[in-house]
Amino acid sequence: MRVPVFSIIIPCRSMCDFLRENISYLRKLEFREFEVLIILDEIESFDFKGDSRFRILRSGSVGPGQKRNIGAMQARGDILAFLDDDAYPHPKWLSYAHEVLSEVDTYALGSPAITPLESPFLETISGRVLESIFTSAGTMYRHIPMRRKYIDDYPTVNLFVKRKIFLDIGGFDENFWPGEDTKLCLDMLKKMGRKFLYDPKPIVYHHRRALFAPHLKQISRYGRYRGQFAKTFPETSRRFAYFVPSLFVLWVLLGPVIAMFLRSFGLIYIVSLWIYVLVLLFEGIRVTRKEGSVKAVLYFMQGVFLTHFTYGLNFIIGFVRKPQLELRDVDQNTGNYLGG
């Protein structure tokens with residue numbers, strides 16, 4: 001059998017609707033020199049219609065980092081393509097990635113994971129929250145295509161890594177989830193002594209967690225791991241932007257207390273909150289103009305505020321106490337993940 005260029009690695013607990021959709025799009029890729037390794041808790045039957053490039057591996061009930069390591073150890077391609085089960089690729093995904101990796105000397109490549117156009121309303125607005133500079137600041141390029149540049153941290157929803165460097169650093173640290181991708185990127189950065197490339201062309205479509213509860217549950221996990229990483233891995237996580245939501249939380253909660261003892265502060269506090277609301281309103285109008293409804297703006301404004309507050313609070317919790325690795329529960333009938 002011919003050695004593939006790419007080994008696509010997808011960790012998942014069990015076969016689910018998102019994974020089935022993902023597989024259907026992988027079969028439509030224009031670039032054909034790839035294999036797909038799907039790592040499940042237990043082996044399940046699935047009709048790949050005779051396509052020997054697809055394999056299912058058993059991992060047992062372990063974290064995503066360990067699943068990806070299992071896949072990487074079985075991979076035959078020179079380039080590992082990490083893809084989440086709830087994302088699916090553009091038909092030219094690998095064609096563009098191969099083009100970029102052939103012309104640029106880089107050990108890894110990150111590319112955007114955008115909100116699917118056909119997403120339900122609450123998932124679409126969740127995506128708009130993530131796409132806003134008011135929420136994602138300097139990491140907007142993860143959610144929408146932006147100019148090519150060099151980066152030092154990227155999620156595994158759409159990340160290419162040369163297999164040699166992956167094996168040289170020992171793969172993913174299996175003690176983390178989420179955050180195993182941040183630790184991997186930091187280990188590669190230390191090993192290579194330089195950043196890796198971001199390019200906007202090899203896109204995938206990433207289903208969002210619906211507002212409000214599933215979205216916020218995911219954000220809480222991100223906040224906790226980033227808080228812990230800001231404490232233990234300052235090289236790429238101790239950046240001012242990551243602390244801003246926590247400062248916002250402290251401002252909102254402590255402002256009224258300070259105003260009780262310092263009356264002049266009360267006016268400053270109230271004005272600052274009105275400025276926040278006005279900025280949020282203008283950003284909501286800008287970001288959701290495609291949806292063309294007042295409802296979209298209102299949901300966006302609530303989503304951003306709750307995202308700021310949830311992330312900021314959990315960042316503080318994560319900074320103080322190391323989060324425990326907790327696997328997401330799945331519906332035993334459908335295989336779909338429960339909650340966020």
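Which helix holds M260? M260 sits in helix 10, residues 240-261. The points below concern a predicted model.

1. **The surface patch.** M260 is exposed, with a relative accessible area of 64%. M260 belongs to a nonpolar patch on the surface. An α-helix has 3.6 residues a turn, so residues three or four places apart point the same way.

2. Eight strands form an open sheet in the order 3-2-1-4-9-6-10-8. The pairing is mixed. Strand 3 (54-58) and strand 8 (149-151) are the edge strands, and each pairs on one side only. From one strand to the next, the twist averages 25 degrees.

3. **Strand 4 and its neighbours.** Strand 4 covers residues 79-83 and strand 9 covers residues 158-162. The two pair in the antiparallel sense over five bridges. F82 stands opposite L159 in strand 9. L80 has V161 of strand 9 as its bridge partner. Strand 1 runs parallel to strand 4, and four bridges join them. Here I9 stands opposite F82 of strand 4.

4. **Burial of strand 4.** In strand 4, I79, A81 and L83 point one way. L80 and F82 point the other way. All of these residues are buried.

5. **Helices on the sheet.** Helix 3 (residues 93-103) lies across strand 1, strand 2, strand 4, strand 6 (108-110), strand 9 and strand 10 (196-198). Helix 3 runs at about 125 degrees to strand 1.

6. **Helix 4.** This helix spans residues 121-131. Nine of its eleven residues are buried, so helix 4 is largely enclosed by the rest of the structure. The buried residues are E123, T124, I125, S126, G127, R128, V129, L130 and E131. What do they pack against? Their contacts are with helix 5 (133-136), helix 8 (213-232), helix 11 (263-287) and helix 12 (294-320).

7. R55 lies in strand 3 and E35 in strand 2, so the pair ties together parts that are 20 residues apart in sequence. Are the two partners buried or exposed? R55 is partly exposed, with a relative accessible area of 26%. E35 counts as buried, at 3% relative accessibility.

8. **The R53 pair.** R53 forms a salt bridge with D51. The closest N and O atoms are 2.8 Å apart. R53 counts as buried at 16% relative accessibility. D51 also counts as buried, at 16%.

9. R68 and E180 form a salt bridge, with the closest N and O atoms 2.6 Å apart. This pair links distant parts of the chain. R68 is in helix 2 (residues 64-74) and E180 is in helix 7 (residues 180-192), 112 residues apart. Both R68 and E180 are buried. Elsewhere in the list of pairs, salt bridges that share partners join R13, D41 and K67 into one network.

10. Strand 5 and strand 11 (residues 204-206) run antiparallel, and three bridges join them. Within this pairing, P89 stands opposite V204 in strand 11.

Definitions and conventions: Residues numbered from 1 in each chain as written. Predicted model: local features only at pLDDT ≥ 70, side-chain atom pairs only at ≥ 80, totals over all residues. Heavy atoms only, no water. Pairing = 2+ DSSP bridges. Axes fitted to C-alpha atoms, helices over the stretch in contact; angles between N-to-C directions. Contact = heavy atoms within 4.5 Å. Patch = residues over 30% accessible without salt bridge, like charges linked within 9 Å, V, L, I, M, F, W, Y side chains within 5 Å. Areas by Shrake-Rupley, 256 points an atom, 1.4 Å probe, with all protein chains shown as cover. Salt bridge = Lys/Arg side-chain N within 4 Å of Asp/Glu carboxyl O. Buried < 20%, exposed > 50% of the residue type's maximum accessible area, 1.4 Å probe, protein only.
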